[in-house]
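Please look through the sequence and the three-dimensional structure shown here before reading the report that goes with them.

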Amino acid sequence: MDEHPTQAAGYVLGATDLEHQRLMLQGRILRPATERFLRLSGLTPGMSVLDLGSGMGDVSLLAAEIVGPRGRVLGVDRDPVATEKARGRARSEGFGTGLGFEVAELDEFDTAERFDAVVGRYVLLYQKDPADLLRRFTRFLRPGGILMFHEVDFTGHNPSWPPSPLWDACNQLLSDVYLATGTPPDFGRRLNRTFLDAGLPAPGVVCEALVATGPHSPLVPWLAYTLRSVAPVLAQAGLSLPEGLTADDTLPQRLAEAVWEQGSQVLGALQYGAWTRVP
Ligand SMILES: C[S@@+](CC[C@H](N)C(=O)[O-])C[C@H]1O[C@@H](n2cnc3c(N)ncnc32)[C@H](O)[C@@H]1O
C-alpha cells in the first residue's frame, strides 16, 4: 500500500479516498458524543464557530445544525481534497453561506474574524505542541468565547471479554503505531494539562465509551478501516498485523468473526470532551 504525502509529512492517517470514507464512518459513530460535548460547552443557536481540522466536515456540519441559520461555522483543514468533499456535503445537505471551509495549515491560519467558539475533534493529538495551538487560537475568540475539544484514548489493554486475542492485538497495534509516529494515543487524558499549559481556565471534562456487543457494531469496521489507513506506516515502524490478517477488504470480516465467535463484549476507545471559556 502506497504512503500518502501527508503520511510522509508525519500525519499517520494520510489522506486517501479510503481514509475520507473512514472519517465519515467515524463521524457517524462519534456524532452523539460530540453533540453532547458541544451542547455541554454552551454552544447555542446564533453563535459563530471555528472548527479546527475539519476533515470531511462532520463536526462543522453538526455545529452548523446547532447554531442554526443565524449562526456561522468555518472549518479549517490542510487536506484540500477532504475540504472540497466537505463543501459538497454542506451544499447537498442544504447549508448556505453560513457554513464554509478553508484549506490551511493550522499554524498558518489567520483571520480578522472573531468567533464565539473554537472547536475540534481528534485534532489536538496530531499537533507538535497542542497547548501552543490552543493558545494561538484563543486569539480568534471573542471575550467569553468557548473552546471545546473532543479527543480520544485508545490505550486500554485487553478491551474484550471473553478475550478475543485478535481484537486485543489489533487494538494494541493501533496504539503502537501512533506511539511510533510520535502521536499520543492517550491524548484524551491529557486535556486538562494541555488547557492549563495554554494558560486557560481548567476545563470541564467528561468521558464516555462505546461498547460493541453484536455483529452489527460499527466499532469492528471502524478499527479495521483505521488499521487500513495506517497500514503504509506499519512496516516503517517495524510493526505488522497479527498473523493471518491482511490490510484489505477481508479485514473487517476477519475481525468480526474473531470477536463474535467468542461472544465477546468489547470496550471501545474512551471519548473525552473538554471545554472552557476564555475570560
Ligand atoms: C482524524 S481527522 C478528524 C477530522 C474531523 N475533525 C472529524 O472528527 O471528523 C484529523 C484532521 O485534522 C487535519 N489536520 C491535522 N493536523 C492539521 C494541521 N496542523 N493543520 C491543518 N489540518 C490538520 C487532518 O488533515 C485531518 O483532516
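The report below begins with the ligand and its surroundings and then turns to single residues.

This is a predicted model, in which local features need pLDDT of at least 70 and side-chain atom pairs count only at pLDDT 80 or more, while totals for chains, interfaces and linings use all residues. Residues are numbered from 1 along each chain as its sequence is written, and side-chain values use heavy atoms, with hydrogens and water left out.

**The ligand and its shell**

There are 17 residues around the ligand, and G53, D77, L106, R121 and Q127 come nearest among them; a residue counts as near a molecule or strand if one of its heavy atoms lies within 4 Å of it. Sorted by class, this shell holds nine nonpolar, four polar and four charged residues, where Ala, Val, Leu, Ile, Met, Phe, Trp, Tyr, Cys and Pro count as nonpolar, Asp, Glu, Lys and Arg as charged, and the others, Gly among them, as polar.

| Protein side | Ligand side | Distance |
|---|---|---|
| G53, backbone N or O atom | nitrogen atom | 2.7 Å |
| E105, side-chain N or O atom | nitrogen atom | 3.5 Å |
| R121, polar side-chain atom | oxygen atom | 2.7 Å |

Taken alone, the ligand exposes 590 Å², of which the protein buries 98%; accessible areas come from the Shrake-Rupley method with a 1.4 Å probe, and for residues only the protein chains shown count as cover. The ligand sits in the largest pocket. On a 1 Å grid over the protein atoms alone, a pocket is an open set of points with protein on both sides within 12 Å along at least five of seven lines, whereas a cavity is a set of points where a 1.4 Å probe fits but cannot get out, and lining residues have an atom within 4 Å of a point. A molecule is said to sit in a cavity or pocket if more than half of its atoms lie within 2 Å of its grid points.

T34 lies in helix 2, and T34 counts as buried because its relative accessible area is 1%; buried means under 20% relative accessible area, exposed over 50%, and partly exposed in between, with a 1.4 Å probe and protein chains only.

Q26 also has its place in helix 2, which covers residues 17-41; helices (H or I, at least four residues) and strands (E, at least two) are DSSP runs, numbered from the N terminus. The side chain of Q26 makes a polar contact of 2.8 Å with the side chain of R22, and Q26 is classed as buried because its relative accessibility is 6%.

In helix 5 is D132, which is partly exposed because its relative accessibility is 35%. The side chains of D132 and R135 are joined by a polar contact of 3.0 Å, and the C-alpha atoms of D132 and T194, which are 62 residues apart in sequence, are 8.9 Å apart in space.

**Backbone features in the loops**

Most residues other than glycine have a negative phi, and most peptide bonds are trans. Y122, although not a glycine, has a positive phi of about 50 degrees, and Y122 lies in the loop between strand 4 (115-121) and helix 5 (130-138). N158, likewise not a glycine, has a positive phi of about 45 degrees and belongs to the loop between strand 5 (141-153) and strand 6. Are these two residues buried or exposed? Y122 is buried because its relative accessibility is 11%, whereas N158 is exposed because its relative accessibility is 60%.

W161 and P162 are joined by a cis peptide bond with an omega of about -5 degrees, and P162 lies in the loop between strand 6 (160-161) and helix 6 (165-180).

S264, in the loop between helix 9 (251-260) and strand 8, is buried because its relative accessibility is 3%, and 5.9 Å separates its C-alpha atom from that of S160, 104 residues away along the chain. L270 lies in strand 8 (residues 265-277), and the C-alpha atoms of L270 and S60, 210 residues apart along the chain, are separated by 22 Å.

Terms used: A polar contact is a pair of N or O atoms within 3.5 Å; within protein, one must be able to donate a hydrogen and the other to accept it, and residues adjacent in sequence count only if both atoms are side-chain atoms.
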